[in-house]
Amino acid sequence: MVLFGLLALVVLVAGLLSRPDPAPVLRLVWVFSPASNTVTVKVTRPAGTSGQQVLAQGQLAVSAQGDAQPEHWTAAGAMVRVPVPPGRRTSLLVRLTGPQSLTRTVTVAAPPPLRLVASRGASGQWLLDMSGPLRAPAAGVLCGIDQVSLSAPSQVALSYGGTACRARLQLTAQDGEQTVVPVAIPALPQASRPAVDRLYCFASPAGGAVYITIDDGWTPSAQVLAIMRQTHVPVTAFLIEKAAQENLAYWRAFAAAGGLIGDHTFSHPNLTKLSLRQATAQWAKDRAALSRWFGQTPDLGRPPYGAFNRKVEKAAARGKLLALAGWSASMSGDTIHTWDGKPLRAGEIVILHWVPGLGGQFAALLAQIGALHLHPTPLTLASFAGIAPQKTPLGGD
């Protein structure tokens, strides 16, 4: 019996020694780099000799799904870097072949490319308006004399030295997208601030641009802010000082998400019914408070109710505004109403209000703008270049 037991033990030990190692567990990890618009796909190396052999003898292949002739990137081992196009979602089919196979699908949403919207000289600076919020520029000086800084979340300011300058400025968006912007500053003397030239109800139609503006500020919308953060759609908020002060945290988050802030007066009166001194104070007090709170000094103002005359223009100029913005289209429920009853066209300025239900209106507006193949664009001073001002506003709100 003892001999029989020893024999059985020997057989058991021999069986255990001859049993192959269990198949190693392979894991797939991937990382997206917005700076280079590349996805790094990697299969982790399991512990043990068998795991190392699986990776050493395997081949990793990644291909973009949905293309008629998908490109393939292959490499011996366990890591591949794949470029993906910006501004769209890309599905990648990942396959590991060899001693052990692995198949996965990875979906990557790359942010839209960072682009230059407009550039201009203003108030002793050269301003670059970008398509999205930026990180602080890496370069502190351009052309040896022009200091580089952020004057707004989506705006770079170069101190204007008065001499011609050509250079390339590298900028990085908040989401990590990078671009190199060619800068050409003309050799012009510093210009004085121009006077306000009436009211603009339309802006540049270049590139199918439309301009989204939202007035007052009494009821901030979490949905609007979430959409702005996700899509980087530019929005201009014309804020009343008293309304902005009630929700400073929200408006700072709005500005950080790329929102632009304009002057809508201190207390929202009909400026045409005030004295010149009173109207000037309404513009100047609101502009100073908004600049102090958000780090953006408004250049644009919108008169309450669209009420406008030469006195309002003169008061805005004395309050150091550079242009007044009206509108040509508004929203009623989910319906866009244009000044002439026709479908929304490039160059139109759309007005909404910070009221309950704005989030749904805003989403509906964006859907209709997309269906018309138009593109929301930041409303800046440059937007009015070459555009005729209104002699009278198109309507009041």
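**Notebook: strands, helices and buried spots**

I started with Leu-92, which is buried, with a relative accessible area of 1%. A reminder to myself: this is a predicted model. I then looked up where Leu-92 sits, and found it in strand β6, residues 89–97.

Next I asked what surrounds Leu-92 beyond its neighbours within four places in sequence. I listed contacts with Val-39, Val-62, Ser-63, Ala-64, Val-82, Val-84, Arg-104, Thr-105, Val-106 and Val-108.

**A loop residue**

I moved on to Ser-204, in the loop between β15 (199–200) and β16 (209–216). Is Ser-204 buried or exposed? Its relative accessible area is 19%, and the cut-off for buried is under 20%, so Ser-204 counts as buried. Leaving out residues up to four places away in sequence, I noted that Ser-204 touches Ala-209, Tyr-211, Gly-347, Ser-383 and Ile-387.

**Two helices side by side**

I turned to helix α3 (residues 222–231) and helix α5 (residues 248–256), and asked at what angle they pack. I read an angle of about 20 degrees, with the axes 10 Å apart. Angles under 35 degrees count as roughly parallel, and α3 and α5 are therefore roughly parallel to each other. I also wrote down that α3 passes α5 in a left-handed crossing.

Which residues meet there? From α3 I have Ala-222, Val-224, Leu-225, Met-228 and Arg-229, and from α5 I have Tyr-250, Ala-253 and Phe-254. Sorted by class, this contact of α3 with α5 has seven nonpolar residues, no polar ones and one charged one.

In helix α6 I looked up Ala-289, which is buried, with a relative accessible area of 1%. The C-alpha atoms of Ala-289 and Gln-245 are separated by 9.0 Å, and the two residues are 44 residues apart along the chain.

Terms used:
Residues numbered from 1 in each chain as written. Predicted model: local features only at pLDDT ≥ 70, side-chain atom pairs only at ≥ 80, totals over all residues. Heavy atoms only, no water. Axes fitted to C-alpha atoms, helices over the stretch in contact; angles between N-to-C directions. Helix = DSSP H or I, 4+ residues; strand = E, 2+ residues; numbered from the N terminus. Parallel < 35°, antiparallel > 145°, perpendicular 65-115°, else oblique. Left-handed = near helix turned anticlockwise from the far one by under 90°. Contact = heavy atoms within 4.5 Å. Nonpolar A, V, L, I, M, F, W, Y, C, P; charged D, E, K, R; others polar. Buried < 20%, exposed > 50% of the residue type's maximum accessible area, 1.4 Å probe, protein only.
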